[in-house]
Amino acid sequence: MTDAADRTIREFLVPDLGEGLLDATIVEWLVVPGDTVTVNQPLCVLETAKAEVEIPSPYTGSVVERRGEPGQTLPVGTPLIFIDSGVPAGTGRGPGVAADPGAATSAGPDTAVGADGAGHTGADSGPVLVGYGTGAGADTGRRAVRRRPAPRRSPSTVPTDTGRPRAKPPVRHLARRLGVDLATLGTGSGPEGTITRTDVHAAASSTTGTAGDGGSDSGTRSIPVRGIRARTAAHMERARREIPDAHCSLVVDFSRLLVLRDRLRAQDAEHAATPFALLLRLLTLTLREHPRLNATYVQDGPEVRTYDAVHLGIGAATPRGLVVPVVRDAQDLSTVRLAREVARLADGARVGTLTPRELTGSTFTVSNFGALGLDEGVPVVNHPEAAILGVGSIRPRPHVVDGDRLVVRPTAKLTCAFDHRVCDGAEAAAFLTALGALVEDPDTILLRL
């Protein structure tokens, strides 16, 4: 099928998101062999270490062969799908090939788009993600693909019986999250036997404790670790192996910060910042004065590399696992803009729509486990960063003030885990106490502006 004599069959490789990812896991196929597809029509959903991504077609033509099944991980640059475009390769772009490299770039061996936006040929060009492009036009290409809906196929091009359960992508996503195998549900209750969300919930609620364990009588089950959870596991293992971490904690009185929050809310309820956003605002100021916490340890040298920009990683729990959206250049954002950006990234993380750039490049990470109801914890340093801040829940607790007076105040425990190669305990303590002092008396920030 890949014989050189058949020049109309195009090979589309597993794409690279441009962030150094080595492989991707097939979540689901959206086409089957025999389907007719058009340029930018979604072919499948791939999951990387960062997000789930719909992969659009670079060609118009007929699907000849798919490689890999849902749940299978394929290396970047290996064949993903073969499409008969009806246009001989090497004769230039024809009706079966995308004409706009910013909207749909060929990732096959024929053509790739370089950082200069020009077409290049040759095997060394590397696979480029369809619809993402490279270089300065990458973001524009990404937005263009998202706005363009998948073309509706005419009834004549849809196989009458593909053997694939009928269900819309959101329903398939729900089924994956709940561990329901759509193939076992048969005909759904929706139009033309389409499986609905109600069908999936019903199947999930009727599942026994031994479902999915291969019929084992022991009541145990094996849960494959794939996608984001697999990458997170490897990342945590590396962090523990390479970073000699230590940690320190401080109980902080949030009374005045909450008063400030209430005052801002009274002035502008729509754009009022949360206590967490206010804490992040104070954190960026503190990191600028304690740069060794906003740094990386470099083995070659060795040396400590500090950063002027503060790119804040925000740990977020999602149905697919832990992800870390990044607020870039947080030091330049106003408190309101910072709050909006955190909310936007959190929403995107939950639904899996963030781009690789929004999930990479942090220089310091914050883990707000207080939002999960925890009072304290010791976070793992996000390799290769030098430190991470853990924030416990803000609750009314007994608190000593004025040396010996016991009162009830809204307090939270802040914990800093840090790379002991980058800074010692005294430097970490100075950073944490400086942050705590700002939280307990946020009006002093005026002295620094």
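Aspartate 329 sits in the loop between β17 (326-327) and α7, where helices (H or I, at least four residues) and strands (E, at least two) are DSSP runs, numbered from the N terminus. Although aspartate 329 is not a glycine, its phi is positive, at about 50°. The residue is partly exposed, with a relative accessible area of 33%; buried here means under 20% relative accessible area, exposed over 50%, and partly exposed in between (1.4 Å probe, protein chains only). This is a predicted model, so local features need pLDDT of at least 70 and side-chain atom pairs count only at pLDDT 80 or more, while totals for chains, interfaces and linings use all residues. Residues are numbered from 1 along each chain as its sequence is written, and side-chain values use heavy atoms, with hydrogens and water left out.

Aspartate 402 also has a positive phi, about 55°, although it is not a glycine. Its place is the loop between β20 (395-401) and β21 (405-419), and at 63% relative accessibility aspartate 402 counts as exposed. Most residues other than glycine have a negative phi, and most peptide bonds are trans.

Now for the cis peptide bonds. One joins glycine 301 and proline 302, with omega about -20°, and proline 302 is found in the loop between β12 (295-298) and β13 (303-306). Another runs from histidine 383 to proline 384, with omega near 5°; proline 384 belongs to the loop between β18 (364-367) and β19 (387-391).

Back at α7, there is a helix pair to look at. The axes of α6 (residues 275-289) and α7 (residues 335-351) come within 9 Å and cross at roughly 120°; axes are lines fitted to C-alpha atoms, for helices over the stretch in contact, and angles run from 0 to 180 degrees between N-to-C directions. That makes α6 oblique to α7, given that angles under 35 degrees count as roughly parallel, over 145 as roughly antiparallel, 65 to 115 as roughly perpendicular and the rest as oblique. On the α6 side, the contact (heavy atoms within 4.5 Å) is made by Phe276, Ala277, Leu278, Leu280 and Arg281, and on the α7 side by Thr335, Leu338, Ala339 and Val342.

As for the chain overall, its secondary structure comes to eight helices and 21 strands. Of its 449 residues, 43% count as buried. Among contacts with a separation of 6 or more, 62% are between residues 24 or more positions apart.
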